[in-house]
Amino acid sequence: ARVPEAEIKARTRSLRRLMRGDRLQAVFLTTRPAVHYYSGFTGDDSALLLTLKKAILLTDFRYFEEAEGSTHGCEILLWKKSIPATAGKLARDLKVRSIGFEETDLSIKAYKLLRSAARGCKLVEWVGRSRMPRLCKSEFELKAISKALRVAEKAFMETRALLRPGMLEIELARELEYRMQTHGAEGTAFPSVVAVGANASLPHAHPGKRKILEGKPLLIDWGARLDNYNSDLTRTLFLGSIPSPWKERYQCVLEAQLFAISKFTANTTTEKVDLAAYNKLEESGLAKRFGHALGHGVGLEVHEGPVLSRRVKGKLKPGMVVTVEPGVYFPKRGGIRIEDMVLMTAKGARVLSRLPKSLDWASIS
């Protein structure tokens with residue numbers, strides 16, 4: 001779906017306010033999410049030079065027609081020689097004296113080309129500031145994220161019904177991804193994780209030819225991408241009865257997740273919600289098995305700000321969409337993670353995902 005013109009205008013207004021505050025006359029955006037967010041452009045291999053008055057999309061012949069049909073308020077310019085050199089020359093022609101750029105994306109070669117072509121302009125590392133308007137989602141974005149969630153959930157429920165002992169991890173992953181695309185996904189948000197038994201002790205395991213067996217934890221982490229927005233979910237299942245130690249661990253992880261979500265209150269911080277899950281797991285002696293952050297923002301990128309971590313300072317603000325995904329991992333034995341997507345509102349948490357997660361539901365007889 002094309003991004004509405006009013007949406008693009010609101011986004012660029014927010015960015016220009018930041019630019020004025022930092023005394024920048026232009027920003028050079030090169031990552032696909034940033035270019036799309038501030039222009040609506042749906043293609044690749046392009047960049048956006050945004051000044052205080054102009055928006056110029058730098059693309060090539062392959063994407064010219066797509067740019068005309070997807071952008072709002074942009075001049076479309078076909079680049080010559082290279083995108084950074086074209087952007088630098090443009091900046092000089094427009095008498096720009098200071099340019100912010102996405103330093104985490106630009107290669108040394110591209111930076112040198114930009115610096116040479118824009119000689120006389122001050123180049124400022126600005127990726128963090130350029131991403132700030134993206135932290136809090138608009139109603140348009142929330143609808144897109146919810147659509148991606150519904151596709152992921154529907155595909156998962158259908159795939160769950162097919163689970164049988166002896167299936168391979170890779171077979172299950174392919175089935176899940178096929179069903180997401182059948183229901184309208186443009187693709188997966190990330191390579192799906194399907195991990196059984198000992199493989200489930202790896203938080204980002206790669207699905208292989210391991211057989212799904214009764215009584216062994218089956219960790220599935222998946223997401224759909226739809227209209228450029230992503231979803232991200234995790235469930236841990238068991239075929240047959242759940243062995244007692246895993247029952248206790250599962251219940252502890254679920255309680256930690258629910259407790260952390262209950263801490264999404266006004267003026268809460270990213271550290272506090274992560275610490276809530278950590279402390280809850282510590283009551284059961286499992287905190288040392290929980291080594292990653294509690295969650296992260298999701299939107300145009302599957303991993304974006306904010307980070308829910310006791311090691312990173314930050315405030316949760318209304319409009320932020322984050323994952324809440326505590327997990328415990330036992331090397332060579334397995335692991336359990338439960339992940340939902342949560343919207344921070346003025347009144348607290350609103351869980352966007354709808355899949356069940358009770359202990360009974362996790363057991364498939």
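Before the strands, a note to myself: two strands pair if DSSP finds at least two bridges between them. Helices (H or I, at least four residues) and strands (E, at least two) are DSSP runs, numbered from the N terminus. I am working with a predicted model, where local features need pLDDT of at least 70 and side-chain atom pairs count only at pLDDT 80 or more, while totals for chains, interfaces and linings use all residues. Residues are numbered from 1 along each chain as its sequence is written, and side-chain values use heavy atoms, with hydrogens and water left out.

**Entry 1: the three-stranded sheet**

I began with an open, antiparallel sheet of three strands, ordered S7-S10-S11. Strand S7 (187-188) and strand S11 (229-230) are its edges, each pairing on one side only. S7 runs antiparallel to strand S10 (residues 224-226), and two bridges join them. I found Thr188 opposite Ala224 in S10.

**Entry 2: S8 and S9**

Next I followed strand S8 (residues 193-196), which is joined by four bridges to strand S9 (residues 218-222) in the antiparallel sense. Val196 sits opposite Leu218 in S9. Which way do the side chains of S8 point? Val193 and Ala195 go one way, Val194 and Val196 the other, and all are buried. Buried means under 20% relative accessible area, exposed over 50%, and partly exposed in between (1.4 Å probe, protein chains only).

**Entry 3: the six-stranded sheet**

I then turned to an open sheet of six strands with mixed pairing, in the order S4-S3-S2-S1-S5-S6. Strand S4 (75-78) and strand S6 (122-125) are at the edges with a single partner strand each, so one side of each has no neighbour in the sheet. On average, neighbouring strands here are turned by 25° against each other, direction ignored. Strand S5 (residues 98-101) pairs with S6 in the parallel sense over four bridges, and Gly100 stands opposite Val124 in S6.

Which helices lie on this sheet? Helix H1 (residues 5-21) lies across strand S1 (26-29), strand S2 (47-51) and strand S3 (55-59), at about 60° to S2. Helix H2 (residues 32-39) packs on the sheet too, touching S1, S2 and S3, with its direction at about 50° to that of S2. For the angles, axes are lines fitted to C-alpha atoms, for helices over the stretch in contact, and values run from 0 to 180 degrees between N-to-C directions. Contact means heavy atoms within 4.5 Å.

I noted a cis peptide bond between Gly305 and Pro306, with omega about 0°. Pro306 belongs to strand S14 (residues 304-308). Asp45, in the loop between H2 and S2, has a positive phi near 50° although it is not a glycine. Asp45 counts as partly exposed because its relative accessibility is 46%. Lys95 also has a positive phi, near 60°, and lies in the loop between helix H4 (83-93) and S5. At 68% relative accessibility, Lys95 counts as exposed.

**Entry 4: around Tyr250**

Is Tyr250 buried or exposed? Its relative accessibility is 0%, so Tyr250 counts as buried. Tyr250 is part of helix H9 (residues 244-262). Leaving aside neighbours within four places in sequence, I listed its contacts, among them Thr236, Phe238, Ile336 and Leu359.

**Entry 5: salt bridges**

How many salt bridges does a search of the whole structure find? It finds 23, each being a side-chain nitrogen of Lys or Arg within 4 Å of a carboxyl oxygen of Asp or Glu. I looked at Glu5 and Lys9, which meet at 3.8 Å, N to O. These two are four residues apart in helix H1, so about one helical turn separates them. Asp93 and Lys89 form another, with their closest N and O atoms 3.0 Å apart.

Arg210 and Glu169 also meet at 3.0 Å, N to O. This pair links distant parts of the chain, 41 residues apart: Arg210 in the loop between S8 and S9, Glu169 in helix H8 (residues 169-182). Arg210 is partly exposed at 40% relative accessibility, whereas Glu169 is buried at 0%. Last, I marked one network of salt bridges with shared partners, joining Arg134, Lys137, Glu301 and Glu304.
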